[in-house]
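Hi,

Here is the structure I said I'd pass on to you.

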Amino acid sequence: MASPQRYRILSAFLRLMMRLLPVQDRWKRYPQNVPLRAYGKGARHEFSWYLHGESSVEVNSLDQIVKWLAACTYTRDSELFLEADYWQHPCVFEALRQGDCEDFALWAWRKLARLGYDAEFVAGYVQHEGAHRGHAWVLIREGDQTYLFDPVLRAEAVMIVPLDEVAAVYVPEVSIDAELTQYVYGGYLHRRAV
């Protein structure tokens, strides 16, 4: 886990970047080692931990991932774990079949990675009616097309959509891909520059 001093140094570096580089595109990503704390308070384990362990759910396609998630229940961490933010290991999520956005997204990210998809777990926020709400989702890249996979949406038809259709509503801040490369997005830089 990153120390508070390391986090302060990274924050100072990012503030300097914001002054030197104008952020025009909140969806532009920059490879950058990111402290776990930047992903959310519930991020207590390195991301490699979420990729290990035996899964009890066999899926062989994106459609099977979507169908399995559609049958799970969205439950806030405060109700399920009596904590404001707690990230389950995907194997625990499989057993409980309930959790919040990070749990759904981590499970989907892990499954997509095992199927060979170019997938990123993304933490950021959603803009809705002037409010900003913290959220997590998955980006899937196929050729020159990028899709946003929001696994907590209850309708299978809208879980995966082309990014350009929803880019104005979702604001990415940090992400990690299946090779464990981390990124900072323009959304993170823009929000902190304001």
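**Two helices side by side**

Helix α3 makes a right-handed crossing as it passes α6; a crossing is called right-handed if the near helix is turned clockwise from the far one by less than a right angle, and left-handed if anticlockwise. Before we go on, please keep in mind that this is a predicted model, where local features need pLDDT of at least 70 and side-chain atom pairs count only at pLDDT 80 or more, while totals for chains, interfaces and linings use all residues. Residues are numbered from 1 along each chain as its sequence is written, and side-chain values use heavy atoms, with hydrogens and water left out.

Back to our pair. Two packed helices are described by the angle between their axes and the distance between the axes. Here α3 covers residues 62-70 and α6 covers residues 101-114, and they pack at about 160 degrees with axes 11 Å apart. (Axes are lines fitted to C-alpha atoms over the stretch in contact, and angles run from 0 to 180 degrees between N-to-C directions.) The two helices are therefore roughly antiparallel, a label for angles over 145 degrees.

Which residues of α3 meet α6? They are L62, I65, W68 and L69, and their partners in α6 are F104, W107, A108, K111 and L112. Contact means heavy atoms within 4.5 Å.

**The whole chain**

Zooming out, the protein has nine helices and nine strands, both taken from DSSP runs (helices are H or I, at least four residues; strands are E, at least two) and numbered from the N terminus. Of its 194 residues, 48% are buried, where buried means under 20% relative accessible area, exposed over 50%, and partly exposed in between, with a 1.4 Å probe and protein chains only.

**Some loop residues**

L82 isn't a glycine, yet has a positive phi of about 55 degrees. You'll find L82 in the loop between α4 (77-80) and α5 (90-96), and its relative accessibility of 75% makes it exposed.

L180 isn't a glycine either, and its phi is positive too, at about 70 degrees. L180 sits in the loop between β8 (170-177) and β9 (182-185) and is partly exposed at 35%.

Cheers

How values were computed: Parallel < 35°, antiparallel > 145°, perpendicular 65-115°, else oblique.
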